[in-house]
Amino acid sequence: MGRKGDRTRVYAGMLLGVTALCTLTLLLAAGDSAIRAFAQQGAQATAAPGPLRGMTVAVDAGHGGYDGGAVGRVSGVPEKGLNLDVARRVERLLRAQGADVVMTRTGDYALCDENPPIRRKLQDMQRRAALIRMNEADVVLSIHMNEYAGRSESGPQVFYREQCQAGRLLAGAIQGAMIEGLKPSKNRPALGGDYYILTLGVPSALVECGFLSNREEEQKLLQEAYREQVAQSIVQGLLDWQTLNGEKPEPLPAVDRSDEPTGE
Ligand SMILES: [Zn+2]
């Protein structure tokens with residue numbers, strides 16, 4: 001190699017040196033900002049950016065697939081799609097408050113096989129329950145729309161597991177927030193009910209957002225803006241419950257269903 005080559009090598013060496021220096025500076029700067037970001041993260045962890053941080057909420061959109069649930073008296077719209085829409089809104093709002101969310105379904109389907117060896121509804125419920133257990137949810141919110149033979153019944157109605165004081169407190173907070181947020185013409189108290197999804201051993205509430213059998217309420221529930229208000233009220237109820245002073249009652253233990261046919 002001649003002198004030209006040597007010179008090239010020198011230039012190349014200088015270039016390499018400059019590049020290395022730049023890289024080093026960049027690395028140092030990056031390291032510095034990475035450390036700062038870390039420190040900020042640490043600060044956030046202790047300052048709790050959302051009031052629901054550390055809480056896993058199971059959001060269960062009722063029905064789905066073959067099982068449409070209640071049907072709008074005038075529109076014929078089944079509750080399954082409205083449930084999923086409200087559930088998704090609740091999911092988004094909960095995440096914004098720092099919660100982890102487990103959705104039992106994210107589309108229009110039931111969680112059962114086409115021809116299971118047990119009742120389809122039972123397999124669907126078993127799989128929802130298994131999902132919630134697997135994700136170790138701290139709270140269960142099941143979203144539904146109501147219907148009744150008489151058309152005059154209206155207003156949101158929240159259920160808790162019968163005799164479960166923990167669920168009663170949660171359902172009561174949500175019922176209160178829905179009355180406050182939605183201003184229904186009829187104010188209902190939270191009620192005890194016998195529902196599969198409420199028996200998993202954690203504070204649980206089943207929210208009937210309104211009556212699809214009532215003409216006026218059906219019209220409201222078909223509106224996106226109203227469903228957003230419904231979701232906001234539900235999440236507000238959970239926040240109210242979360243910040244309740246004093247010790248919360250322990251939920252009743254999960255119902256042992258080991259003797260139930262699994263159909264697996
Ligand atoms: Zn339902």
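Keep in mind that the model is predicted.

Okay, let's start with H2, residues 79-96, and H6, residues 224-242. They pack at an angle of about 50 degrees, and their axes are 9 Å apart. That angle makes H2 oblique to H6, and the crossing is right-handed. On the H2 side, the contact uses Leu82, Asp85, Val86, Arg89, Val90, Leu93 and Leu94. H6 brings residues including Arg227, Glu228, Ala231, Ile234 and Val235. If you sort the residues of that contact, you get nine nonpolar, one polar and four charged.

Now the other partner, H4. Here the angle with H6 is about 135 degrees, with the axes 7 Å apart. So H4 and H6 are oblique to each other too, and H4 also passes H6 in a right-handed crossing. Among the H4 residues that meet H6 are Leu170, Ile174, Gly176, Ala177 and Gly181; over in H6 you'll find Ser233, Ile234, Gly237 and Trp241, among others. This contact splits into 11 nonpolar, seven polar and one charged.

Last stop, Val90. Leaving aside neighbours within four places in sequence, Val90 touches Val59, Leu141, Ile143, Ala231, Ile234 and Val235.

How values were computed:
Residues numbered from 1 in each chain as written. Predicted model: local features only at pLDDT ≥ 70, side-chain atom pairs only at ≥ 80, totals over all residues. Axes fitted to C-alpha atoms, helices over the stretch in contact; angles between N-to-C directions. Helix = DSSP H or I, 4+ residues; strand = E, 2+ residues; numbered from the N terminus. Parallel < 35°, antiparallel > 145°, perpendicular 65-115°, else oblique. Left-handed = near helix turned anticlockwise from the far one by under 90°. Contact = placed C-beta atoms within 7 Å. Nonpolar A, V, L, I, M, F, W, Y, C, P; charged D, E, K, R; others polar.
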